[in-house]
Amino acid sequence: MQSKTTVPATGKRSAGATRERILEATNHLFYAQGIRATSADRIIEEVGITKVTFYRHFRSKSDLVVAYLAQQAQQESSWFSSLHQASDPVGSLDAIAAGIGTASCSPGFRGCAFINAAAEFSDPQDPVREVVHTHRQWMLDKFAEIASDAGTDDSQGVARQLMMLRDGAMVNGYLGDPKSLEASLKSAFDAVLTAAIA
């Protein structure tokens with residue numbers, strides 16, 4: 001468990017460090033317990049700061065949720081992009097499947113943070129849903145690039161199928177048998193690409 005000593009809020013460096021500590025605690029608590037089930041007071045207690053310090057960094061819990069998802073989006077986008085090799089679309093999908101398989105076998109895995117957040121925020125106009133939509137559109141575009149790399153005529157259609165498989169794998173990894181997920185997802189990705197370029 002991380003230290004709960006309060007970092008002085010003076011200076012840009014310490015203010016940035018405090019914000020990162022808040023986001024680190026938020027990442028763990030929101031993902032493990034759910035967003036609505038985790039109060040701002042619980043995060044404040046976990047970090048070991050005052051309410052004044054917390055609200056200096058995040059004016060509301062909604063702002064914190066958006067920042068949490070934005071951080072998740074940046075991390076997932078960096079990971080996804082690092083696996084995409086235009087010269088090897090099948091290898092790219094295999095690497096994505098392997099990554100999802102590894103994640104789903106990790107302790108505390110609870111599926112996709114974005115699907116989970118969307119389930120908790122039903123209003124499509126909510127800022128939380130806007131972050132979810134933006135990230136999922138980015139991922140859909142990356143799947144379309146991979147489909148295009150493979151020479152498909154309908155990269156958008158193939159991308160939607162790949163996205164559905166990815167979403168299903170994330171749910172299955174949480175509710176089903178994660179050990180068989182990687183092989184099943186690789187097989188499904190391959191089947192979609194093979195059918196699209198046949």
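A polar contact here is a pair of N or O atoms within 3.5 Å; within protein, one must be able to donate a hydrogen and the other to accept it, and residues adjacent in sequence count only if both atoms are side-chain atoms. This is a predicted model, so to speak: local features need pLDDT of at least 70, side-chain atom pairs count only at pLDDT 80 or more, and totals for chains, interfaces and linings use all residues. Residues are numbered from 1 along each chain as its sequence is written, and side-chain values use heavy atoms, with hydrogens and water left out.

**View 1. Thr38 and its polar contacts.** Thr38 sits in the loop between helix H1 (12-33) and helix H2 (40-47); helices (H or I, at least four residues) and strands (E, at least two) are DSSP runs, numbered from the N terminus. A polar atom of the Thr38 side chain is 2.7 Å from the backbone oxygen of Gly34. The side chain of Thr38 also gets to the backbone oxygen of Leu29, at 3.4 Å.

View 2. Is Thr38 buried or exposed? With a relative accessible area of 0%, Thr38 is buried (under 20% relative accessible area; exposed is over 50%, partly exposed in between; 1.4 Å probe, protein chains only). Skip its neighbours within four places in sequence, and Thr38 is in contact with Leu29, Phe30, Gln33, Ile43 and Lys61, contact being heavy atoms within 4.5 Å.

**View 3. Helix H4 against helix H5.** Helix H4 (residues 61-83) packs on helix H5 (residues 89-104) at about 140°, their axes 8 Å apart. Axes are lines fitted to C-alpha atoms, for helices over the stretch in contact, and angles run from 0 to 180 degrees between N-to-C directions. H4 and H5 are therefore oblique to each other (under 35 degrees is roughly parallel, over 145 roughly antiparallel, 65 to 115 roughly perpendicular, the rest oblique). H4 brings Trp79, Phe80 and Leu83 to the contact, and H5 brings Ser92, Ala95, Ile96, Gly99 and Ile100.

View 4. The disulfide count comes to zero, a disulfide being a pair of cysteine sulfur atoms within 2.5 Å. Cys105 is partly exposed at 44% relative accessible area, whereas Cys112 is buried at 4%.
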